[in-house]
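Here's a quick tour for anyone meeting this structure for the first time. Have a look at it below, and then we'll go through it piece by piece.

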Amino acid sequence: MNLLLEGLVNVFQWEVLLFLTFGTILGIIIGSLPGLTSTMGVALMLPLTFGMEPVPGILLLIGVYFGSVYGGSLTAILINTPGTPASAATVMDGYPLTQKGQAHKALTISTLSCAIGGIISVLVLILVAPQLASFALKFSAPESFALALFGLSIVSSIAGKSIVKGLMAGTLGLLIATIGLDPIGGFPRFTFGMPEMTTGIGFIPIMIGLFALSEAFKSMEDIFVEKRVNVVIEKVKLKWVEFKGLIGTILRSAGIGTFTGMIPGAGADIAAFVAYNEAKRFAKNKDEFGKGDMRGVAAPEAAGNSVTGGAMIPLLTLGIPGDAVTAVLLGALMVQGLQPGPMLFESNGPIVYTLFVGMLLANVLLLVFGLLGIRFFTKVLLIPKTILTPLIIMLCVVGAYSLGNNYFDVVVMFIAGVVGYFFKKFEIPASPVILGLILGPMMESNLRRALVMSQGDLSIFYTRPITVVLLSIAVITLFTPLFTKKIMKNS
Amino acid sequence: MKKYMKYSAFAIVAVLLLAIAGCGKDNSDGAGGKDEFPKKAITLISPTSAGGGTDAAARALAADVEKHLGQPVGVVNKPGGSGSVGMTEGANANPDGYTATMVIAELTMLEHMGVSSLNQDQMKAVAMINLDPAALTVPADAPYDTLDGFIAYAKAHPGELNVGNAGSGSIWHVAAESLAKNAGIELNHVPFEGAAPAVTALVGGHVDAVTVSPAEVKTHLDAGTLKTLAVMSDKRSDIIPDVPTFTEAGLESETIATWRGITVPKDTPDEIVAILEDAFLKAAKEENFQKFMSSNGLGIELKSSKEFTSFMDENYNYYKEMFAELGLSGK
Amino acid sequence: MKVPHITSGIVSIFIGGFFYFLTMDFPKLNNTETGPAFLPRIYCGLLVVFGLILFIQGILDKNKEVKKEKTFLFALLSMGIVCLYIVVMPYVGFYISTALTLVALLLFSKIRSILTLVSVPVGALLFVYVVFELLLKVQIPSGSLFL
């Protein structure tokens, strides 16, 4: 407790506050631009911190990290363009809310859920990090495979009208994910001799194309035929009663997010999808999901942002980075002479608790900037569609390019945009493709790695308790929507 | 009337942009006098994604080199294809010295892996910056404390020891295969997506050993959860000076290491290479960069343009043999 | 008859079949239990199965087909513009190609105000230049014609 107080004092210095604020705002901007990911933002800022004191340096990076995870949902909700993979799930209900004229409300929910989710995960980090970290270490190849399969099983609940079409789209995503070097043997698959394809087709260009560019094509079509699509921004504020109804969802999603963040190799994108699915599972009335349900925004947002605190758990206590962003943070900590691991808390207690307080504050800053900013963010919708749509098209191109300074990604993005347009015409849902793309590599490499480790013995999948539990949930999740649909039809 | 306005708008924008582009061209094309190199910003291609060790080293180095060149040095990430995408672009860039590439050990391996036809002959070496050898690391509570103990255990339990590496055909996979070959033991090679997940699996007790660089296990060595038995190099590692080399531990072995260096396209004039070589080597010797490398556990190994060229050639030939022997060739 | 179902079914079967055909060349690796073709083949099989189900569903559907919209050509036109934009970009550079595309798209959207036609591209490019190129150090392609 003393350490926390000391941390509080350390954080409230103008230099620290300045960098944290700067980092958070920069993070929100980076996150909201498609193609610029959290990892890229943090990596870009890394050299700046070399010459700085540990606390302001690390908190600058943490501000960028937290801010960018939040920023991605702004464009997801407003213009159907997920800024980061973490907000791919937010699109499903966030954009429909905007179309209904409730952008203001959707952004409020997103901001509140993000901040609450983030704060909960940091609290978990402060209170029980060491105990949880040892649990995260239990995750080996079979467990990660089971987790990926569980994530994939939610495809049946995000499929929309036709489950077969959803399953087809999900499988297509899985197949695209196999393009590139085979994760176990290193054999190049489906590359058609192109070196760009050996590392596979990135899912971010595909995501930008499928969601944003295809929507832009559709808007252009509406503009050409002069369908007047007047976007109304009703100044509907979130009512207290509505928020109270969301608290359960937010808390549950924060738990899911923190847990997922902890697992090495699983990040905000997966957490958001899983939380969305659980929100739907627990909801009494599921009809509004996919058409603009508030819970469909709260769940992925809370989960996505709570991954941040979760990912810090194995990083700080064991020195194990759970994903790419924390890998950069690991480097930043080490440059500052802070060696993450069991000894960190003993040798650098005051600094660690200062970082904790800083993380809490970063989430509070998100809340403040988010709520203050909503009025300005929604102004985007006042731009006439005729002008906004060409701008979105440009943003798609520059975003896909800047991802890896790669022209190939732009081509992929364009093809995905055309395909996405036909998906809309044929009423095939796009989200399952993204789900397959995100989870396909994780599932395949862990399945095959598990078999290498067990030398082909299948018992590795049914003799390990965590694996068995996760696989059972996966089966239940996959088949529940199939049966409930049958039952609903019969009754 | 409207038609005219339409066209004039077009014309205005087009003229404006051509003007802007023209200005840019004037500034950039004036590299006539080679004695004044560099005249504009230099791009350093990092063939890995933002956030990796190569990227971090490139960024740290770029920040320091600026002072010596008097021009900004911007790092651009071009990840993909085990580094082949970025390095190929670097090899095909304008040979004017304004595009340099941070090359990685894979440059001398890609051709043998069948991933790409790129090799070191398509580049001109500027300087080598870093080298990290492979090291055999096991959990701290493993029943053996020496390389001999490990080999004896592996002989008693053939094919049972799971050894994690950074992916099939990666340098750390080659290291484990060469260990197995030299010691005459049978190991079960488990590929991961990079060194970090392999180390995580070792900490979690899901594999029995890893053959990655000391830098990648340093945190866990300090925490006491892992121990390194021997280093695959002809001299001990600066990070873990107490750990013997393979040869000292009683097993003849080649140096198997990952390395990073700076190259430019093949046709770059030698005067320009000399200026770059001088600047990069100077920057790498400075405290700033040294501190960055040592705090990240990365070994500094400086080689001049000449030394680096022959080093890469040796590497190339060694891996050619090695890959054929191990049956890893993608061809 | 439901044309979307039938079309997507056929495409799905085709993709599954095509990729399955490609996996025929994949080697069997001796050091692993499952080869590189293992999962792709399962996915291909699933695509064919789902495609068949969709195809049959589409044929059996008794609802009359919904009247076809004639807006498709307009979407195709905008795709064409964007396609041209992307093809031309490596040659004339990002800034010029983007400006021309923006003006073209605005003109097709029946915007005739010169102020808009000039200010939108200039503003957008300025934004990209400041945020992406200056702040985030993204290397925007300047086009091979000007190198």
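## A threonine in chain A

Keep in mind that this is a predicted model. Let's begin with A:Thr171, which you'll find in helix H8 of chain A, the stretch covering residues 163–177. Is A:Thr171 buried or exposed? A:Thr171 has a relative accessible area of 4%, and anything under 20% counts as buried, so A:Thr171 is buried.

Who does A:Thr171 touch? Leaving out residues up to four places away in sequence, the list is C:Tyr43, C:Leu46, C:Leu47 and C:Phe50. That brings us to the meeting of chains A and C.

## Where chains A and C meet

How many residues are in contact here? On the chain C side there are 65, and they're in contact with 60 residues of chain A. The size of an interface is often given as the accessible area lost when the parts come together. For chain C and chain A, about 5700 Å² is buried between them, and 84% of that is on carbon and sulfur atoms.

Which elements of chain C give two or more residues to the side that touches chain A? They're helix H1 (3–23), helix H2 (38–60), helix H3 (72–92), helix H4 (94–108) and helix H5 (114–135). H3(C) gives the most, with 12 residues. Sort the residues on this side of chain C by kind and you get 47 nonpolar, 15 polar and three charged.

## Chain B as a whole

Now over to chain B, which has 11 helices and 11 strands. Of its 331 residues, 58% are buried. Chain B's accessible surface comes to about 13000 Å², with 51% of it belonging to carbon and sulfur atoms.

## A threonine in chain B

Let's zoom in on B:Thr101, which sits in strand E3 of chain B, residues 99–104. Its relative accessibility is 0%, so B:Thr101 counts as buried.

Setting aside neighbours within four places in sequence, B:Thr101 is in contact with B:Leu44 and B:Ile45, with B:Gly86, B:Met87 and B:Gly90, with B:Met123, and with B:Gly261, B:Ile262 and B:Thr263.

Technical notes: Residues numbered from 1 in each chain as written. Chains lettered and ligands numbered in written order. Predicted model: local features only at pLDDT ≥ 70, side-chain atom pairs only at ≥ 80, totals over all residues. Heavy atoms only, no water. Helix = DSSP H or I, 4+ residues; strand = E, 2+ residues; numbered from the N terminus. Buried < 20%, exposed > 50% of the residue type's maximum accessible area, 1.4 Å probe, protein only. Areas by Shrake-Rupley, 256 points an atom, 1.4 Å probe, with all protein chains shown as cover. Contact = heavy atoms within 4.5 Å. Buried area = accessible area lost by both parts, 1.4 Å probe. Nonpolar A, V, L, I, M, F, W, Y, C, P; charged D, E, K, R; others polar.
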